[in-house]
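Okay, everyone, thanks for coming. Let me put the structure up, and then I'll walk you through it.

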Amino acid sequence: MSKYQELANAVIKGDTQQVKQITQQMLDAGEQPLAIINEGLIQGLNEVGIRFKEGEMFVPEMMMAAQAMKGGVELVKPLMAGTDMPTAGTVVIGTVKGDLHDIGKNLVIMMMESSGFNVVDLGVDVPVDKFIQAVKDHKPQVVGMSALLTTTMPVMKEVINALDKENLRSAVKVVIGGAPVSKEYADEIGADGYAGDAVVATEMCKQLLN
Amino acid sequence: MEKFLSNYDEQVTPRLKWVTETQLEQIHYASLEVLERTGIKVQHPQALALLKDAGCMVKDDLARIPGWLVEECLRLAPKRVAVANRLGERVMPLEKNRVYYGTGSDLPFTIDIETKERRTSSKRDVVEAAKVMDFLPNYDFIMSYAIASDTNPAVSDLHQFEAMTANTGKPVIFTAHNAENTEALIEMAAACVGGEDNLRKNPYIILYSEPISPLVHTLDGVGKMFKCFEYDVPVVYTPGVLAGATTPVTKAGCITLMNAEALAGVVMAQLFKKGSPIVIGGGATPMDMRTTTTLYGAPETSMNYAVMTQLAQFYGLPNFTEAGCVNAPVPDVQAGVEAAMSILMTQLEGCNLVHDVGYLEGGKTGYLPFLVICDDIIDMARYTGRGTNTSPEHLAVDCIDQVGPGGNYMGHEHTFKHFRQEIWNPRYFIRYHWEQWEAKDKKLPIDLALEKVKDILEKHQPAALPNGAAEEMQAIIKRRETECAG
């Protein structure tokens, strides 16, 4: 088995210690940092994604795999000055103004991070202009919005209108979620997608960015 | 911390107890009274002679069995019967509260998986059921499932055994027409394990035989049993009844009568040969007073098994009951409820051999995908029966402290370490969110089960028979066929 395959397997197992150990050995042997990430660590996480989709692996295993990968990335990162870290994409996410619920949103964030996304969490009770500012600052590919209350759902539409007004709408995909939200509502307010749970949200972002 | 624990009680697995010790004694003594006062009809001459010699009052074919003789024979009957699989591995010790599941035998009808029409069962149905159960992990023993109606009726039992044993390595509980076919069948079984000695050492077959309620022990029923004991083959000797028709309608009366019949079997078995491996119990089903159908999927039936299992444990003898057999004609909501309730009950009681799993229409019709569904139900019941772990690691105080208020447990190592044991996962039951379910073509569990059946039939290879065994079995069947014709 190649060292890269060994590293990918350690990620699949969710074994942070082993991932760090192999990464260090590879660095000491002079392997390229970017190759370690792309051909080792990310390969492992991709395999986890496939097995997850097939129902062979479960959410906690995916989380541990992501943590293990992170352990490896931290060792490699300092040696990559000037090179961009590979990510699946950037997502800005928040619970809209007037709504303080964040369990679902936090699950989405964990799943997205586990799948290699760079997630900017704006927290709860996020006003429209804060979403707009974050899009300007972080240049994400996706904006995610969550609401649990029927009374706060309309804020999602306001954010989409503001993105339009600022000429930012075409630069991002908008994905919404939350208990009262539906596919029909997403279509009605002009969002790009509705995700019923964290798994679907992650899968959808991957598809939208392809 | 564990080393500081004292006066600590732990129940590792839950246990269902239906009646008190005193009630068990009452049932026991009532059964003894039935045997002593009413007595049993014995149509097997050797058995009758043995009973007479042992001190029973015998008049014509009626034997009254004294209580002391029953107690004596209960002491001789093995409390533990180790059953092996065809490969000689002793996989199914019948002892204490260990629970094993399997189907029943001899379904007259099968719902065809291709046409979805109900038709007469054939040998091929026995082959397919054996293969499916050989694959499914929660079936521990095999019974014939279907009747091989397309074979010569004089030897259809032998055909059924051939079909089973060639398609599964698991232990087999068989039915036979008479003592002669039983002996031929034992010969066939011996051929599959390299001879009679190996079969005696590690028996992988069990005979199912029965007295006829109320209180009749037939020539064939006893004859088949005795034939097995000659070869140290274990025997389930239990009545199948209709409470309200062949036993009293009251549950306690039904159990008392059935228990008397089973105890009479124990007495005859031990008089025939000390230490004969016999299993007690039975099918304690009431009659539906509207349709006269046999009520397998009924609460009374499960309640009766709860008491009968406790009785067997009181005697320290292995027992045989039934669960997962439903009155619903097709595998629908009713079928699921009837199967799940009865299976969970038997699991929590600790019945040893639980048969008839996956039968429809009160044990007359089979549909292979329902076996797959019941495999998931048994899995769920077994999971439930394993109980709740309260060790410090499971109490998770350290983990709660690490996550802290407002945190979440999804990415914590403790979740990663325990979730597979602490959260049961079905294989065929559906838990998708609506959209995911829609994306998967809105399939129902029974659709997935049908796909699984087809997959198993196409791909699964049961453990092969030793060289020459198939030919030897066929030669034995042929021989019996000629003998029966002549």
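So, how many residues does the contact take from chain A, and how many from chain B? The contact takes 14 from chain A and ten from chain B, where two residues are in contact if their C-beta atoms, placed from the backbone, lie within 7 Å.

Quick housekeeping. This is a predicted model, so local features need pLDDT of at least 70 and side-chain atom pairs count only at pLDDT 80 or more, while totals for chains, interfaces and linings use all residues. Residues are numbered from 1 along each chain as its sequence is written, and chains are lettered from A and ligands numbered from 1 in the order in which they are written.

Back to that contact. On the chain A side, helix 4 (59–76) and helix 5 (103–114) each supply at least two residues, and helix 4 of chain A gives the largest share, six residues. Helices here are DSSP runs of H or I, at least four residues, and strands are runs of E, at least two, numbered from the N terminus. By class, that side of chain A has eight nonpolar, four polar and two charged residues. Nonpolar is Ala, Val, Leu, Ile, Met, Phe, Trp, Tyr, Cys and Pro, charged is Asp, Glu, Lys and Arg, and the others, Gly among them, are polar.

Now chain A by itself. Chain A splits into domain 1 (3–80) and domain 2 (89–209), with bounds from an automatic or database domain assignment. Their C-alpha centres lie 28 Å apart. Six residues from domain 1 of chain A and five from domain 2 of chain A make the contact between them. Helix 3 (33–53) and helix 4 of chain A each put at least two residues into the domain 1 side, and by class that side has five nonpolar, one polar and no charged residues.

On to chain B, which has 18 helices and 19 strands. Buried is 20 or more other C-beta atoms within 10 Å of a residue's own, exposed is 12 or fewer, and partly exposed is in between, with C-beta atoms placed from the backbone.

Is helix 12 (368–385) of chain B enclosed or open? Helix 12 of chain B is largely enclosed by the rest of the structure, because 13 of its 18 residues are buried. Just after helix 12 of chain B, B:Gly387 takes a positive phi of about 80°.

Most residues other than glycine have a negative phi, and most peptide bonds are trans. B:Lys96, though, has a positive phi near 40°; B:Lys96 sits in the loop between strand 5 (92–94) and strand 6 (100–101) of chain B, and counts as exposed with 12 C-beta neighbours inside 10 Å. Phi of B:Asp441 is also positive, near 65°, and B:Asp441 is exposed, with 7 other C-beta atoms within 10 Å. Finally, a cis peptide bond joins B:Ser213 and B:Pro214, with omega about -5°. B:Pro214 is in the loop between strand 10 (205–209) and strand 11 of chain B.
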